[in-house]
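Reader: I have not seen this structure before. Please go through the terms used for it and show what each one rests on.

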Amino acid sequence: MGKLVLIILSLSLIGCSNSTYHAMTGNKVQADLIERTFQHAMEFNADGVMSHWHDKNTGKSGTIMPKYASYKFKGPCRHFDITYYRADYSAQYHSGVACRRGQVWQIH
């Protein structure tokens with residue numbers, strides 16, 4: 001759990017990017033899945049609607065759910081929940097705020 005928490009904190013500081021997800025997962029395919037799912041969910045999902053990703057090669061999966069608008073930062077911004085499931089089905093949870101910068105959602 002410590003590694004994911006550290007990486008989630010890193011995400012908070014530097015924003016979402018495929019290279020950050022790759023560092024988190026150690027797997028480029030999984031990083032691509034998370035990045036695409038996160039960007040799509042933040043842009044298109046209604047509040048409370050969950051998006052799922054699953055890496056068949058590692059058995060890891062996760063969900064991303066936008067929750068509501070945020071006015072803490074220059075918007076548009078949304079609060080979200082991320083759940084990351086390891087292959088053994090243990091889960092880690094994180095909540096945060098992401099804001100759109102250009103065409104990309106970045107975690108604050």
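Reader: Are Phe38 and Phe80 buried or exposed?

Author: Both Phe38 and Phe80 are buried. This is a predicted model, and "buried" is kept for residues with under 20% relative accessible area.

Reader: What makes Phe38 and Phe80 an edge-to-face aromatic pair?

Author: Two values decide the matter. The ring centres of Phe38 and Phe80 are 5.3 Å apart, and the limit for a pair is 6.5 Å. The planes of Phe38 and Phe80 stand at 85° to each other, and over 60 degrees counts as edge-to-face. The pair is therefore edge-to-face. Phe38 belongs to helix α3 and Phe80 to strand β3, so the pair ties together parts that are 42 residues apart in sequence.

Reader: Why is the pair of Trp53 and Tyr84 called tilted?

Author: The ring centres of Trp53 and Tyr84 are 5.8 Å apart, with the planes at 40°. Stacked requires under 30 degrees and edge-to-face over 60, and the rest count as tilted, so the pair of Trp53 and Tyr84 is tilted. This pair also links distant parts of the chain: Trp53 is in strand β1 and Tyr84 in strand β3, 31 residues apart. The count of aromatic pairs comes to two.

Reader: How do you know whether Trp53 is buried or exposed?

Author: The relative accessible area of Trp53 is 5%. The cut-off for buried is under 20%, so Trp53 is buried. Tyr84 has a relative accessible area of 8% and is buried by that rule.

Reader: Is Tyr89 buried or exposed, and on what value does that rest?

Author: Tyr89 has a relative accessible area of 70%. Exposed means over 50%, so Tyr89 is exposed. Tyr89 sits in the loop between β3 and β4. Its phi is near 75°, a positive value in a residue other than glycine.

Reader: Which residues make up the largest nonpolar core?

Author: There are nine residues in this core: Phe38, Ala41, Met42, Ile64, Phe80, Ile82, Ala98, Trp105 and Ile107. Two or more residues come from each of α3, β3 and β5. The largest share, three residues, is given by α3. Phe80 has contacts beyond its neighbours within four places in sequence, including Phe38, Met42, Ala98 and Ile107.

Reader: What makes β2 a largely enclosed strand?

Author: Strand β2 spans residues 61-70, and seven of its 10 residues are buried, so the rest of the structure largely encloses β2.

Reader: Which strands is β2 joined to, and how many bridges are there?

Author: Four bridges join β1 to β2, and nine join β2 to β3. A pair of strands needs at least two bridges, so both sets are enough to count as pairing. β2 runs antiparallel to β1 and antiparallel to β3. His52 is opposite Thr63 in β2, while Ile64 is opposite Ile82 in β3.

Reader: Why are β1 and β5 placed at the edges of the sheet?

Author: The open sheet has five strands in the order β1-β2-β3-β4-β5, with antiparallel pairing. β1 and β5 each have a single partner strand, so one side of each is left without a neighbour in the sheet. On average, neighbouring strands are turned by 30° against each other, direction ignored.

Reader: How many bridges pair β4 with β5?

Author: β4 and β5 pair over four bridges, in the antiparallel sense. At least two bridges are needed, so β4 and β5 count as a pair. They form a hairpin with two residues between the strands, and Gly102 in the turn has a positive phi of about 70°.

Reader: Which residues of β5 are on its covered face, and which on its uncovered one?

Author: The covered face of β5 holds Trp105 and Ile107, and the uncovered face holds Val104 and Gln106. In a regular strand, side chains alternate between the two faces of the sheet.

Reader: Where is the cis peptide bond?

Author: The cis bond joins Gly75 and Pro76, with omega at about 5°. Pro76 is in the loop between β2 and β3.

Definitions and conventions:
Residues numbered from 1 in each chain as written. Predicted model: local features only at pLDDT ≥ 70, side-chain atom pairs only at ≥ 80, totals over all residues. Heavy atoms only, no water. Buried < 20%, exposed > 50% of the residue type's maximum accessible area, 1.4 Å probe, protein only. Axes fitted to C-alpha atoms, helices over the stretch in contact; angles between N-to-C directions. Core = buried A, V, L, I, M, F, W, Y, C linked by side-chain atoms within 4.5 Å. Contact = heavy atoms within 4.5 Å. Phe/Tyr/Trp six-rings, centres within 6.5 Å; stacked < 30°, edge-to-face > 60°.
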